[in-house]
Amino acid sequence: MKILSAFVLLIGAAITTASAQTVLSPDEFERKISTTKEIQLLDVRTPEEYEEGHLANSKNLNYKDADFRQQVNKLDKNKPVYVYCLSGGRSGAAAKMLAESGFAEVYDMKGGYMKWTSAGKKTEGSSKSDANKGMSNTKFQQLVSSEKVVLIDFFAPWCAPCQKMLPTVKKLTSEYKGKVKIETIDYDQNKALAKELKIEEVPVFLVYKDGKLINRKSGLLTEADFRELLDSNL
């Protein structure tokens with residue numbers, strides 16, 4: 001009976017956590033925060049990311065900081081909390097933590113700041129120098145204008161799937177040398193280019209042939225997935 005009671009409590013806690021945590025599209029997120037009084041809007045990226053641009057009236061609490069849980073517990077648990085990061089990974093984890101900590105309503109923006117800005121929505125604090133950072137579109141077009149197949153890997157240092165796949169990407173770069181040109185591009189260092197290419201999430205893999213985009217994949221790929229992607233376009 002005790003085991004059954006404990007199981008029921010666990011199931012109940014899981015249901016409560018799930019119901020407290022809601023994922024919203026950028027449009028839905030925007031409507032919510034524009035109609036919510038005394039808003040608790042959290043940007044859970046790093047301070048450096050926050051300074052480059054953020055949503056108005058947002059508070060920066062770095063999810064990677066050791067005292068993140070202690071900081072969010074200072075918020076009012078009876079009021080809705082809205083959370084976002086760059087692409088949704090960190091905010092999803094933060095939203096789950098908030099729900100587990102007893103916050104009644106937690107809203108997580110799907111796709112994060114990348115989706116928000118790609119939709120042309122308003123931000124604050126954007127760096128005017130971003131347009132001059134990283135690779136230009138002209139140089140990128142020169143890079144992909146090759147008779148060989150070109151695979152572009154848009155990654156980020158903070159992106160767990162990106163880091164997981166890097167050893168495979170390096171392995172295939174060596175193995176396919178002479179047949180395929182594989183290039184990695186750091187999203188953080190090339191935000192202007194990413195915006196021009198409509199990169200709204202990472203990782204993203206772009207396959208070019210004779211300067212034309214012929215395939216596009218996103219998310220976690222296995223080595224077999226990579227091989228199929230490359231071999232099918234040789």
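## Strands 8 and 9

V207 stands opposite N215 in strand 9. Strand 8 (residues 204-209) and strand 9 pair in the antiparallel sense over six bridges; two strands pair if DSSP finds at least two bridges between them. Strands (E, at least two residues) and helices (H or I, at least four) are DSSP runs, numbered from the N terminus.

This is a predicted model, in which local features need pLDDT of at least 70 and side-chain atom pairs count only at pLDDT 80 or more, while totals for chains, interfaces and linings use all residues. Residues are numbered from 1 along each chain as its sequence is written, and side-chain values use heavy atoms, without hydrogens and water.

## The sheet and its helices

An open sheet of four strands has the order 7-6-8-9, with mixed pairing. Its edge strands, strand 7 (180-186) and strand 9 (212-218), each pair on one side only.

Helix 7 (residues 137-144) lies across strand 6 (149-155), strand 7 and strand 8, and runs at about 135° to strand 6. Helix 8 (residues 160-175) packs on the sheet and touches strand 6, strand 7 and strand 8; its direction makes about 150° with that of strand 7. Contact means heavy atoms within 4.5 Å. Axes are lines fitted to C-alpha atoms, for helices over the stretch in contact, and angles run from 0 to 180 degrees between N-to-C directions.
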